[in-house]
Amino acid sequence: MADDDLYSGYGGDAPLAAGFAPASFGPPGTASAVLAAEAFFRPASRSGAAFHQPPSQAQMRLGTAIGPSAGQMRLGTAVAPSYAQMRLGTAIAPGTARLGTASSGDSGPRPMTSNKGAGYRSIPKGRFDPLNQAASGAVNPLDAKLQASPEELCLEAEAKVHVALEQSAQALAKGDASAGLERAKEAGKRERAVCKLRERFGLLEQINSDLTYAVAVNLAEAYHAAQLYSEALNSFTQIVRSKQFPQAHLLRINMGNIHFEQHKYPLAIKMYRMALDQVPITSRSVRNRILRNIGVAFMKVGQYQDAMHSMSGVLDAEPDPQAAFNLVLCTFALGDKEMMKQAFSKLVEVVPSNDLEEADGEEQSSPSLLNDELRQEMRARQAKMHSYILTAARLLSPVIERSGPVPGFDWCIEALTGAQHAALASEVALAKAGWFLDHQAFGDAVYVLKEFERKEHKLKARAATNLAFLYSLEGDSASAERYADLAVATDKYSAQALVNKGNIAARAGDLMGARSLFMDAVSLEADCVEAIYNLGLVSKGVGNSDDALTAFKKLNAMLTDDTAAMFQIAAVYDLMGDPHGALEWFERLNMRVPQDPGVLAHLGALHARLGDEAEALRCYQDAHRMFPANMDVISWLGAFHVKNEMYEKAAPFFELAAQVQPHEVKWQLMVASCFRRTGNQQQALLKYKQIHSSHPLNVECLRYLVNICGQLGLKSEEADFVARLRKAERQRADPRVSTSRESLDNHAQLAGQGFCHSLTADLAVSDAPIMPEEPTFQMPLSKAKKAQMVAKRDEDEWGTGDLGEELLPQ
């Protein structure tokens, strides 16, 4: 028995795995051997190790006994040793050997010495998967998702409604009304689907009425944001009338806001009052806001007494700066000075003092507290309240006192000083100086601004900037430069101070220095329009057209309606030799100011330069109709008609030019020439005589007089004018007489200079003596004589001889 035991010597000495108990193996084929194998395999199945029975060629699957006649029975029963074969997990043909299994062979069976092949490790690595089911795609039944219950399906559908609702609210908050409305409609559809789903499952008691209310209100707000007012009102009305939502009475405020936006103020007041009646007294803040809305609606319809009543009710309940400011506006509209003072006093009282600035001074050690979101919100609110006070002071100061605006400003300053608003009092003092500037009381403005030299730096810099501007306007360059330097030294980051200093430098002729100062001002304040415009001007002055064009285009992008920037862009294009670009911008400017004579004149000049005389004529005629005294327009129109031999139309323009510039003899000569070209010799003779009476030494006029008298057969007058012509030619040849005559002409021109620059009803009257009119009798001319005069007119070249080309203005 001992020789037949193949595993003798291993059972008692070899160490056992944890959880195994030693067992004595009997001979194969006996019941004790099978029982021992059963006791050995059960703990091995729990720990994962596989051990094989030592019988010779017997193979058996774990947990199964195979009998000699191919029968099967449970482990623990006797089996025949000849056919019994056993293996862990995998069938192996008889006669084959595998690591860790027992097999028959010549060398004898190999004992099991390792349990690594079963999937065991001393340190676990990853998920326990000894059969590698994850790689084969097999799914653990425990991991399979169970079928969702009706409650879970409804909750998933509600989650989708929440997602759509949040997306709609985010889109509306960003200002995208179309996207917000689309997502709001989607949320409504999904919410109705959820309700139908609950009805189908019989879960009506679980319907979320709050979600239904939120979806409906969001849809109405989306209609309101998209300015679909009728749809929004219908949605709000359905919500308010529904008994399912008892809290919907506050939505009448939204309905009132919609009517307010539609300028239906009586309906807005009605909705506000209906909402106010349903708000409990304990909700004081909501009631005050509704009252304020009612007051604003009354102001819109002009019922200032009712508006004052509403605003006073708000102020009696709580301090509200906006309501106090509206009360000031109501009293100003009614014109009651005492009520104005009372309203302004209430406004000053409800606005707190500069506690925020004191808190900022205390917290200088922690910069993070100075820039947090709460502090930024507090600063924004304080700035808004201060703007209420400053606007009210500027509005009431000129009318609050019967004695005049100055006592009104003083009263407001005293009221602010008494309420511990020193900074606002200084602002009102600056507004007082600005009022003096608006009414051209420069001395009083200078007096007020000089008082700021002893105050804090910011106010001192602003006052110095204004003083530099004032002295610059008055032409006091030294004082202007002194205060400009003071403003820059006090606040070197003030763009306005740099602009004033640049203006002073430009006026002194230092264009490059002015350009540098303007560039510094733009670098400090990118939207300083004065600095940008002045930078373009000085760049244009120094010949840097590209920089000038860039500056003016930047200004045009900031102020699209600014006509000065558009004009400068067109002028720079014209200066650069680009008539097409200049024409484009002048046409844009003409669309903005269609009746400006200067723009029309520039358009006419550009069209004439490009060869489009028809369009140039139209522009010049429009410019002449808007401003008849423009000499450039008059001269072009006269020359155009002369060029096209329309002398009858050219004569009125030259006559007007002669009235505008009575001491320019060329215009009168051109009028006479027009008469002569049309064959009206008598009228031409009278005109030349009139010119000769005012300019007796004009050689051209005398030559034409000699010529016309000869044509008309006036021998005596011809001889007289010939003598005068020779005398005038001798005097022109004598330099002493010529110099004396030029001095006399200059004296006469200076004497009438002021008259030449204006066009009044008296322009038709000339200061020069006019010769007595000759008889209206005209010698009848024969047809041959008329034909001869026409031929003579063709031979007489316009502007030839001593007349010179100056008679045709360019």
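Analyst: Start with the whole chain. Of its 810 residues, 38% count as buried, where buried means under 20% relative accessible area, exposed over 50%, and partly exposed in between (1.4 Å probe, protein chains only). This is a predicted model, in which local features need pLDDT of at least 70, side-chain atom pairs count only at pLDDT 80 or more, and totals for chains, interfaces and linings use all residues. Residues are numbered from 1 along each chain as its sequence is written, and side-chain values use heavy atoms, with hydrogens and water left out.

The chain has 37 helices and four strands. These are DSSP runs, numbered from the N terminus: helices are H or I with at least four residues, strands are E with at least two.

Now the close look: His259. This residue sits in helix 7, which covers residues 251-261. His259 has a relative accessible area of 9%, so it is buried. What does His259 touch, leaving aside its neighbours within four places in sequence? Its contacts are Leu233, Lys264, Tyr265, Leu267, Ala268 and Met271. Contact means heavy atoms within 4.5 Å.

Contacts can also be counted over the whole chain. Take those with a separation of 6 or more: 51% of them join residues 24 or more positions apart.

For another setting, turn to Glu156. It belongs to helix 3, residues 150-173. Glu156 counts as partly exposed because its relative accessibility is 44%.
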